[in-house]
Amino acid sequence: MTSDVWLPIPADEIEGLPDGLDYQHWDGSADYPADPTDCAFYVVPYMKGMDVALRPLAAMTSLRVVQTLSAGIDHVAPGLGSLPSGVRLCNAKGVHEASTAELTLALVLASLRGIPGFVRGQDAEEWRSGFYPALADKSVLIVGYGSIGVAIEDRLTPFECARVARVARSARATERGPVHALAELPALLPEADVVIVSTPLTEETKGLAGADFLARMKDGALFVNVARGQVTDTKALLAELESGRIRAALDVTDPEPLPPGHPLWHAPGVLISPHVGGSTSAFMPRARRLLADQLTRYAAGEALRNEVLTTG
């Protein structure tokens, strides 16, 4: 049985990798480090795009595991049909929660407290004093209550929010309170001052934040997207922003990267960060720990963490 492992991080930079596997370093470059047909465990290069992620997949006829370094799997999903039966797909749950939740709070606080205007005021040497909205006493709705949604609520807790409501694909109970089913979302949107979207991108969530979703948000509410750009209907969002009815803070956009001249750049009331939710100093230590643990489990024939699906 083949024992090739393709890693986007050099093996000598990952402490705790098991012996007995043949480690190949491939970070998405034009040349492959070895014959793809010999690859058994493929760790997808991080933030290199779908074309890079999918390029070697069809040739990986001995593949047993695909491991992403992202929470989402939408960039590899189109290539799964070419894989042999029984290939396990695992995501990077546990790697991005802290960084993404941290940026989410930064976007919320910066938007509410007027930080972009202060920066522009500093550039213009203008003292822009006044009263600004606080996060305290606000009602927050988290749409997508997986591990990232939970981490976001962890960081909301000290801010004295009036209420945090939670929505996921299906209803369940948690120690913090109920998680509502996606079907209940229309009734919850009008009650929220801040709506945070942290869902994976699936056929169910593509375009979720469309015209009806946005129209149900209360006047003056803040829409925050740290999920994927395609979860939001950009045209519908632009219409709401240009009317001045709601504001937005976006770590992801559709299209992405946002091209020069796109109207979203200069829409009123929008703060944009360039998809940096997980791209922090916290990423690499957590990614290395995940890979060492997963490959130790793989070499020992033990169950892997974060299995999303198995090809059939």
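The largest cavity in this structure has a volume of about 40 Å³, where a cavity is a set of points on a 1 Å grid over the protein atoms alone at which a 1.4 Å probe fits but cannot get out, and where the volume is the space filled by probe spheres set on those points, joined across faces, edges and corners. Before I go on, please keep in mind that this is a predicted model, in which local features need pLDDT of at least 70 and side-chain atom pairs count only at pLDDT 80 or more, while totals for chains, interfaces and linings use all residues. Residues are numbered from 1 along each chain as its sequence is written, and side-chain values use heavy atoms, with hydrogens and water left out.

A search of the whole structure finds 1 cavity of 30 Å³ or more. Which residues line the largest cavity? They are Gly229, Thr232, Thr234, Leu237, Leu250, Val252, Thr253, Asp254 and Leu264, a lining residue being one that has an atom within 4 Å of a point. By class, that lining divides into 4 nonpolar, 4 polar and 1 charged residues, with Ala, Val, Leu, Ile, Met, Phe, Trp, Tyr, Cys and Pro taken as nonpolar, Asp, Glu, Lys and Arg as charged, and the others, Gly among them, as polar.

Let me turn to the salt bridges. The count comes to 12, on the rule that a side-chain nitrogen of Lys or Arg lies within 4 Å of a carboxyl oxygen of Asp or Glu.

In helix α6, residues 211-216, Asp212 and Arg216 sit 4 residues apart, about one turn of the helix, and their closest N and O atoms are 3.0 Å apart in a salt bridge; helices here are DSSP runs of H or I with at least four residues, and strands are runs of E with at least two, numbered from the N terminus. Asp212 is partly exposed at 48% relative accessibility, and Arg216 is partly exposed at 35%, the term covering values between buried, under 20%, and exposed, over 50%, with a 1.4 Å probe and protein chains only.

The Arg305 pair links distant parts of the chain, with Arg305 in the loop between α8 and β14 and Asp293 12 residues away. Arg305 is partly exposed at 31%.

Finally, Asp219, Glu240 and Arg245 are linked in a network of salt bridges.

Terms used:
1 Å grid on protein atoms, 1.4 Å probe; cavity = no way out; pocket = protein on both sides within 12 Å on 5 of 7 lines; lining within 4 Å.
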